[in-house]
Amino acid sequence: MAVAVGRGFLVQPSSYSSSPTSHNKLYKPSLGSATTFWSTFAPQRYPQVAVQAQQRPTWLPGLDPPPYLDGTLAGDYGFDPLGLGEDPKSLKWYVQAELVHARFAMAGVAGILFTDLLRVTGISNLPVWYEAGAVKFEFASTRTLIVVQFLLMGFAETKRYMDFINPGSQAKEGSFFGLEAALEGLEPGYPGGPLLNPLGLAKDIKNAHEWKLKEIKNGRLAMIAMLGIFVQAYVTHAGPIDNLVEHLSNPWKKTIIQTLANSTS
């Protein structure tokens, strides 16, 4: 009976052997036996597979990632069930799109939780987050705010797209009202500089894989959190802090299962 241990194969007799010393000694096969064949050739194949699996983690263990996802991208675990990244140009665009959505989600989750905490604790008289858009402000009308938002966001997104098409073009002198030095333009998606990287955590963006990985992981988690906040508001008509307080008041009966069951009844 052959038993694999570590990187090689130890050939050991079965427990049913009649030899009185079979439990204390390893069996030494002859040159022409079948066990010699397995102990010679099998170790060349199995250790190689094990090392390859350790070097490339995937979103589903044992799954072979597509060839265009070779692990060089930050947060690449071979997840692309629809094959959206087969085209190299499309893959570059999807990488930037995910990065932008991740950053918006992180900002959105932080903003919703912070303002909801101020509202629930009574520190500030703020509306619940999904009703904030209907609030009328005294310093400007809703139409004015929409126009200003379109202009500012349109300018920022246009600059980002131009830098994506021609990397480094938006860091040239005179391309950003003289503020190019404050942005530096490290690479598409990472403008950097004292304005957007005040702590200087990733000055060498080419070797900042760990920081990129942390950002995209937190961003993906924030996107899932935003989806949860949307569904939660639709079902309960309350903010996330209100839902948390209600759950903590009766953890065994105030759960997502009871909430969904009551909403459908």
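Helices (H or I, at least four residues) and strands (E, at least two) are taken as DSSP runs and numbered from the N terminus. Arg-220, for example, is found in helix α7 (residues 209-236). The structure is a predicted model, in which local features need pLDDT of at least 70 and side-chain atom pairs count only at pLDDT 80 or more, while totals for chains, interfaces and linings use all residues. Residues are numbered from 1 along each chain as its sequence is written, and side-chain values use heavy atoms, with hydrogens and water left out.

The chain has 9 helices and 2 strands. Along the sequence these elements follow the pattern β-β-α-α-α-α-α-α-α-α-α. Of the 265 residues in the chain, 21% are buried; buried means under 20% relative accessible area, exposed over 50%, and partly exposed in between (1.4 Å probe, protein chains only).

Side chains of opposite charge can pair when their charged atoms come close. The structure holds 7 salt bridges, a salt bridge being a side-chain nitrogen of Lys or Arg within 4 Å of a carboxyl oxygen of Asp or Glu. One of them joins Glu-98 to Arg-220, with the closest N and O atoms 2.7 Å apart. Glu-98 lies in helix α3 and Arg-220 in helix α7, so this pair ties together parts that are 122 residues apart in sequence. Glu-98 is partly exposed, at 27% relative accessibility, and Arg-220 is also partly exposed, at 27%. UniProt positions are given in the numbering used here, feature names are shortened, and annotations may be inferred rather than shown by experiment.

Other salt bridges lie within single helices. Glu-157 and Arg-160 meet in a salt bridge of 2.7 Å, N to O; both lie in helix α4, 3 residues apart, about one turn of the helix. Glu-157 is partly exposed at 31% relative accessibility, and Arg-160 is partly exposed at 25%. In a further salt bridge, the closest N and O atoms of Lys-214 and Glu-210 are 3.5 Å apart. These two residues are 4 residues apart in helix α7, a separation of about one helical turn. Lys-214 counts as partly exposed, at 40% relative accessibility, whereas Glu-210 counts as exposed, at 54%.

A pair of aromatic rings is described by the distance of the centres and the angle of the planes. Rings of Phe, Tyr and Trp (its six-membered ring) pair if their centres lie within 6.5 Å; planes under 30 degrees apart count as stacked, over 60 as edge-to-face and the rest as tilted. By this rule there are 6 aromatic pairs. Among them is the edge-to-face pair of Trp-59 and Phe-79, at 4.9 Å centre to centre and 90 degrees between the planes. Both residues are in the loop between α2 (46-55) and α3 (88-121), 20 residues apart. Trp-59 is partly exposed, with a relative accessible area of 43%, and Phe-79 is exposed, with 52%. The rings of Trp-93 and Phe-164 have their centres 5.2 Å apart and their planes at 70 degrees, so this pair is edge-to-face as well. Trp-93 lies in helix α3 and Phe-164 in helix α4 (residues 142-165), so the pair ties together parts that are 71 residues apart in sequence. Trp-93 is partly exposed at 36% relative accessibility, as is Phe-164 at 21%. With Tyr-161, these two residues form one aromatic cluster.

Trp-93 and Tyr-161 also belong to a nonpolar surface patch of about 660 Å², made together with Leu-82, Leu-84, Tyr-94 and Ile-165. Patches are made of residues with over 30% relative accessible area and no salt bridge: like charges are joined within 9 Å, nonpolar side chains (Val, Leu, Ile, Met, Phe, Trp, Tyr) within 5 Å. Accessible areas come from the Shrake-Rupley method with a 1.4 Å probe; for residues, only the protein chains shown count as cover. Helices α3 and α4 each supply at least two residues of the patch. Ile-165, in helix α4, is exposed at 53% relative accessibility.

Two charged side chains are placed over the ring of Tyr-190. A charge sits over a ring if NZ of Lys or CZ of Arg is within 6 Å of the ring centre and within 35 degrees of the ring normal. Arg-103 lies over the face of Tyr-190 at 5.2 Å from the ring centre, and the charged end of Lys-212 sits 5.0 Å from that centre. Arg-103 is found in helix α3 and is partly exposed, at 28% relative accessibility. UniProt lists Arg-103 and Leu-183 under "binding site" in the unreviewed entry.
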